[in-house]
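I opened the model to look up a few things. My notes follow the order in which I looked.

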Amino acid sequence: MPYLRLAIPSPLRRLFDYLPPKDCCIERLQPGVRVRVPFGRREVTGVLIEISEITEVPANKLKAAIAVLDSTPPLPESLFKLSRWAGNYYQHPLGDALSQALPVLLRKGEACEYAHQHLWRAAKDADISQLGKTAARQRELLLLLLDHPNGISEDAIRAEGGQTSLLKKLEEKNLAESFVHKADHQLQNREPLHEVPLTLNDEQQTAVSAITAEKGFTPYLLQGVTGSGKTEVYLQAIEHFIREGKQALILVPEIGLTPQTVARFKARFNLPVVVLHSNLTDRQRLDAWLQAKEGVARIIIGTRSAIFTPLKNPGVIFIDEEHDTSFKQQEGFRYNARDLAVMRGNYEQIPVVLGTATPAIETLYNARQGRYQYLKLTQRAGNAQQPKFELLDIRQLPLQDGLSEPLIQQIRGHLQQGTQVLIFLNRRGFAPTLMCHDCGWLADCKRCDAHMTLHRKPFHLHCHHCDSQRPVPNICDSCSSSELKPIGAGTERTEEALLKLFPEFPVIRVDRDTTQRKNSMQKIMDRVNEGKPCILVGTQMLAKGHHFPKVTLVAILNADSGLFSADFRGMERTAQLILQVSGRAGRAEHPGKVVMQTYHADHPTITSLVTEGYQAFAEQELSQRISAQLPPSLYCAMFRAEANHQGLAERFLSKLRNMLEEDILQPNGIQWLGPLPSPMEKRAGLYRAQLVLQSRDRKALHQQLQSIIYQAEIDPDARKVRWSVDVDPVDMF
């Protein structure tokens, strides 16, 4: 007897066997279809992996599936294969990995169809006179159907006050009929361009030619200095694939970048462009997903999870700002969309382009090893020049809310010339913390090993790690003094200081607090792009991808913040952020300047970055990582655990390590680091510990991970902790 072997979305790392549902034609079932099944006390939607003739489950314990939900698999074979590979590689339960690859409505078991795919209309010869005058509600409903000869959905009928329960009665009287609305596919042959492409320089033309010349899978690293016209390379390469009848998938790191990216693509292409990100409703997301799957949408732009969007005719994948850590999922299914894009390109035999001004060290290593084809754009597009750097040593200089007098004078000079100024400070709020001037007490979060940030609008203390909030105290919690002072400057305090210094110019703050409302980021961008003199002050939201043609001065206030990080990637992140934000200056005909306030003007890394550029820094950083035996010269995974009581997570990880080190069957060449408390041990009320595993042999590392996961799953102490595995971690915290 055949059995259905299913992947169920659950924390359990195994497959589950079920009897086929009644009246199911088992021969027609394909791996990948969704199946509704009983699971414990609830019903869930699983994915069919295979049909087996044998099962280890006793016959009296086997349950029957409730229903098969699809006639064909929602995911094409390549994505089904990619999802299974990702579940295995990232050591995540397969059922949950496959579920994450589907839109939310499909996970819930809803039909794989558009919102208004099932419509109603009046029958061909229907006439209102065929209904008696006593059937007033049916007459109203039929009149509504007659007013919509192309069909109307049940939702729309309800919105018009019609009673959908009467549709069946009209259908029985041959006065109404339901039909399936098909999406418009008559867009394939129209002229794809709205506007004429820009003229490319030699480097851009070489890049476009390389990307479009090869057939099949080739990964490219497109490294272009900020303002070098990487987006124009994307647009012209995509035009080539569109004219071949193919589709393009573009991944961007954050929702904030999506509106301007979409605007650029819609201005250029006379074709449907769909967007996929977390701000869409579940229904909007499924509709966009289906348009991509059916080939209606030719260009798909999305954030991390869009990597699982099916394409009917895949042509090319672009990863913009590939170095950005937002492409790595940090909770649950911890996949990296950048690396999955390369794997997907291999499965679908299409080119994958990783674009950035500041490549991740791992990507640079792959390019040096010959795994990626290296394309470079070394000059800015048009007549724009690279900005000039100035290291402003603020040792012994008085600061006014974080601003030195020489910097204030430079800001004034640029504003008086009619241009714009960007102030970068990667700290939200008014001040990083509140301190008692008498006893030194600091306003710490009770649930985290972190200070609470002081906010002015509204006035409160806020922990940005666990989101806990509390009122600002009037007296010190320790000594009852009223001498409480804000320490340091955040974006709110800097904004306030700039408003006092430059009352005649608008000051626009851009951080997570000012961009929470829908379209707020777009409104800010529209205001800046009017070109009037103003001061932009904000966090790293300003650093990525934005084009501000009138910004001529970029000031970086806390350039030293990442120089002494506990994470070995801290220096890389700092360098990337400095160069990304610097790239906002002088992007058009106005020359640009970058001023970095620093207490370490003679620091070799900062001076190297400013004088020699990112390439020299990255090569030096890569050499140091290789000699220190750090990624990417070897493979890394992190086993994390957290518990309610201090030391519990650490003891749990120590027990696992001791058990496996004593096992003679374990693979050789594994380096163990820890277990140790996490750099921020207490977070959101839980005490955290971590165990790092490293190896030059990827296969041995994964074999060891499987052993440690198996031991963790059978260990009775595992119930007292919450543990997770992070393969190729990008954050050591």
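These entries cover sheets, a helix pair, nonpolar cores and some backbone details.

**Ground rules**

I am working with a predicted model, where local features need pLDDT of at least 70, side-chain atom pairs count only at pLDDT 80 or more, and totals for chains, interfaces and linings use all residues. Residues are numbered from 1 along each chain as its sequence is written, and side-chain values use heavy atoms, with hydrogens and water left out.

**Entry 1: the five-stranded sheet**

I looked up the strand order first. It reads S2-S1-S4-S3-S5, in an open sheet with antiparallel pairing. I took strands as DSSP runs of E with at least two residues, and helices as runs of H or I with at least four, numbered from the N terminus. Two strands pair if DSSP finds at least two bridges between them. The edges are strand S2 (16–18) and strand S5 (67–68), and each pairs on one side only. I then checked strand S3 (residues 34–39) against S5. They are antiparallel and share two bridges. Arg36 sits opposite Ala67 of S5.

**Entry 2: a three-stranded sheet**

This open sheet has the order S20-S21-S22, and the pairing is antiparallel. Strand S20 (453–455) and strand S22 (469–470) are its edge strands, each pairing on one side only. Strand S21 (residues 460–462) pairs with S22 in the antiparallel sense over two bridges.

**Entry 3: strand S9**

Is strand S9 buried or exposed? Five of the five residues of S9 (residues 247–251) are buried, so the strand is largely enclosed by the rest of the structure. Buried means under 20% relative accessible area, exposed over 50% and partly exposed in between, with a 1.4 Å probe and protein chains only. I checked both faces. Gln247, Leu249 and Leu251 are buried on one side, and Ala248 and Ile250 are buried on the other.

Next I looked up the partners of S9. Strand S12 (residues 314–320) runs parallel to S9, with five bridges between them. Leu251 stands opposite Ile319 in S12. Strand S11 (residues 299–302) is also parallel to S9 and is joined to it by four bridges. There, Leu249 stands opposite Ile300.

**Entry 4: helices H16 and H18**

Two packed helices are described by the angle between their axes and the distance between the axes. For helix H16 (residues 570–582) and helix H18 (residues 614–627), I found an angle of about 170° and axes 11 Å apart. The axes are lines fitted to C-alpha atoms over the stretch in contact, and angles run from 0 to 180 degrees between N-to-C directions. That angle makes H16 roughly antiparallel to H18, a label for angles over 145 degrees.

Which residues meet here? From H16 they are Met571, Glu572, Ala575, Gln576 and Leu579, and from H18 they are Tyr614, Phe617, Glu621 and Arg625. Contact means heavy atoms within 4.5 Å. I sorted the residues of this contact into five nonpolar, one polar and three charged. Ala, Val, Leu, Ile, Met, Phe, Trp, Tyr, Cys and Pro count as nonpolar, Asp, Glu, Lys and Arg as charged, and the others, Gly among them, as polar.

**Entry 5: nonpolar cores**

A nonpolar core is a set of buried Ala, Val, Leu, Ile, Met, Phe, Trp, Tyr and Cys residues joined through side-chain atoms within 4.5 Å. The largest has 104 residues, and Phe639, Phe652 and Trp723 touch the most other members. I listed contacts of Phe652, leaving aside neighbours within four places in sequence; among them are Phe639, Ala641, Ala712, Val721 and Trp723. A second, separate core has 30 residues, including Leu235, Ala237, Ile238 and Leu271.

**Entry 6: backbone details**

Most residues other than glycine have a negative phi, and most peptide bonds are trans. I looked for exceptions. Pro631 and Pro632 are joined by a cis peptide bond, with omega about 15°. Pro632 is in the loop between H18 and strand S28 (635–643). The bond from Gly674 to Pro675 is also cis, with omega near 10°. Pro675 is in strand S29 (residues 671–683).

Ala684 has a positive phi, near 55°. It lies in the loop between S29 and strand S30 (686–695). Ala684 is partly exposed, at 30% relative accessible area. Asp728 also has a positive phi, near 55°. Its place is in the segment after strand S31 (722–727). Asp728 is partly exposed, at 23%.

Key. Parallel < 35°, antiparallel > 145°, perpendicular 65-115°, else oblique.
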